[in-house]
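New page in the notebook. I want to look through this one from the overall outline down to single residues.

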Amino acid sequence: MSQPVNLTKFRKAKARAEKSARAGQNAVKFGRSNAQKRLQETKNAAKVQHLDQHKRDR
């Protein structure tokens, strides 16, 4: 005789697997590494500073 299957556990495991797969796809599609994020923040800060240095007072 086969073992009974707990359907709740089966559904939860299936949902976790689908969520994990979706997270992996989103990481590839939208993800950036921390180094890339810090580099972009640094470049943006440098641009803002450069523009602030060239402001004219009225």
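Below are my entries, from the whole chain to a few side chains.

**Ground rules.** I am working with a predicted model, where local features need pLDDT of at least 70, side-chain atom pairs count only at pLDDT 80 or more, and totals for chains, interfaces and linings use all residues. Residues are numbered from 1 along each chain as its sequence is written, and side-chain values use heavy atoms, with hydrogens and water left out.

**Outline.** I looked up the radius of gyration, taken over C-alpha atoms, and got 25 Å, while a compact globule of 58 residues would have one near 10 Å. That globule rule is 2.2 Å times the number of residues to the power 0.38. The C-alpha trace spans about 85 × 20 × 15 Å along its principal axes.

**Cover.** How much of the protein is buried? I found 0% of the 58 residues buried, where buried means under 20% relative accessible area, exposed over 50% and partly exposed in between (1.4 Å probe, protein chains only).

**Salt bridge.** I searched the whole structure and found one salt bridge, meaning a side-chain nitrogen of Lys or Arg within 4 Å of a carboxyl oxygen of Asp or Glu. The side chains of D52 and K55 form the bridge, at 3.5 Å from N to O. I noted D52 as partly exposed, at 42% relative accessibility, and K55 as exposed, at 61%.
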